[in-house]
Amino acid sequence: MSDIQKRDQLIKQWIKETAEMIEEAKEKSLEVEEKSARNDLVTNMDKKIEEVLTDKIRSHFPDDRICGEEGFGDNLEDLKGTVWFIDPIDGTLNFVLQQENFAVMIAVYEEGKGVQGYIYNVTEEKLYHAIKGQGVFCNGQPVSAPDNKSLSDGLMATNSQLMTQDAFSDYRKIAGRSMGVRMLGSAGLEVTELIKGNIMAYVATKLSPWDIAPGKIMLEEFGFKISNFSGEPVDLLKTNQTIFATPSAYNEIVTTNFK
Ligand code: IPD
Ligand code: CA
Ligand code: CA
């Protein structure tokens with residue numbers, strides 16, 4: 001069995017186990033703490049899941065390194081070798097306030113190149129995954145690439161900062177070119193909306209490596225474009241202002257006159 005197949009089997013099993021832990025935790029009261037701001041939360045479950053996943057990765061793949069949101073991983077200064085990205089709960093605010101619209105996300109990169117990515121919508125029990133060169137799947141079934149629709153013919157998504165902070169007001173012109181804006185509050189689930197062809201672009205002011213890593217692999221399988229707001233490749237060692245889009249929508253976004 002190849003490393004990719006071995007990891008694929010294990011990741012699917014681990015995601016199932018962590019989802020069960022999340023479902024059980026919903027019955028009990030959550031411990032919620034603020035991180036950098038009152039709307040930047042972490043729960044005992046974010047920490048628990050990252051701890052469980054990092055322990056499993058380290059026991060099966062001791063030479064690999066881990067980039068995780070809650071601090072159980074390694075401090076990475078490069079992407080050499082095999083690197084795992086973990087977002088234990090993407091959409092923590094939704095998890096706390098809605099008990100839905102959140103995902104468990106894992107990705108594996110080798111020498112900086114995406115190999116396999118997983119986004120699990122816990123409440124809908126839908127696992128999206130992609131293995132480089134093999135396409136995108138939802139619960140094991142292949143997903144066809146959506147049409148390369150333009151922004152002016154479709155919807156787009158963004159994050160709340162782009163809507164609420166004056167510093168980003170010029171970028172709202174992008175929204176004006178679309179048919180309308182939708183907002184889920186989970187970068188991973190916005191990627192699944194792109195996969196379904198429900199939106200043509202997701203434009204976010206600040207995404208961390210673990211927010212971007214799995215979706216990038218999936219969307220590149222469809223030939224979609226992913227870059228920072230300046231059109232440069234995203235850097236998976238830092239936060240990025242990020243555009244994910246169909247090729248047509250991407251072209252409209254980067255040719256928008258922001259000033
Ligand atoms: C956040 C969500 C949100 C995005 C933020 C992310 P978290 O992840 O994906 O939609 O706008 O930038 O940090 O903190 O819930 O894992
Ligand atoms: Ca996240
Ligand atoms: Ca998270």
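Donors to a metal are N, O and S atoms within 2.8 Å of it (3.2 Å for Na, K and Ca); water is not among the atoms, so sites may look incomplete. In this predicted model, local features need pLDDT of at least 70, side-chain atom pairs count only at pLDDT 80 or more, and totals for chains, interfaces and linings use all residues. Residues are numbered from 1 along each chain as its sequence is written, chains are lettered from A and ligands numbered from 1 in the order written, and side-chain values use heavy atoms, without hydrogens or water.

**Calcium sites**

Two calcium ions, ligand 2 and ligand 3, are 3.8 Å apart. D87 coordinates both.

| Ion | Protein donors | Distance from ion | Spacing in sequence |
|---|---|---|---|
| calcium ion (ligand 2) | D87 (OD), D90 (OD), D211 (OD) | 2.1 to 2.3 Å | D-x2-D-x120-D |
| calcium ion (ligand 3) | E69 (OE), D87 (OD), I89 (O) | 2.1 to 2.3 Å | E-x17-D-x1-I |

E69 sits in the loop between β3 and β4, and I89 in strand β4, so this pair ties together parts 20 residues apart in sequence. Helices (H or I, at least four residues) and strands (E, at least two) are DSSP runs, numbered from the N terminus.

**Two domains**

The protein chain is assigned domain 1 (3-143) and domain 2 (151-254). These bounds come from an automatic or database domain assignment. The C-alpha centres of the two domains lie 20 Å apart. Contact (heavy atoms within 4.5 Å) involves 38 residues of domain 1 and 23 residues of domain 2.

About 2200 Å² is buried between the domains. Carbon and sulfur atoms give 72% of that area. Buried area is the accessible area (1.4 Å probe) that two parts lose on being put together, summed over both. Y109, I119 and Y128 supply 24% of what domain 1 buries against domain 2, more than any other three residues.

Which polar links cross this interface? The rule finds eight residue pairs in polar contact, both residues at pLDDT 80 or more. A polar contact is a pair of N or O atoms within 3.5 Å; within protein, one must be able to donate a hydrogen and the other to accept it, and residues adjacent in sequence count only if both atoms are side-chain atoms.

On domain 1, the side touching domain 2 draws at least two residues from each of β3 (65-68), β4 (82-90), β5 (103-110), β6 (113-121), β7 (126-131) and β8 (135-138). β6 gives the largest share, seven residues.

**Salt bridges**

The whole structure holds 12 salt bridges, each a side-chain nitrogen of Lys or Arg within 4 Å of a carboxyl oxygen of Asp or Glu. One joins R7 and E110, with the closest N and O atoms 2.9 Å apart. R7 lies in helix α1 (residues 3-26) and E110 in strand β5, so the pair ties together parts 103 residues apart in sequence.
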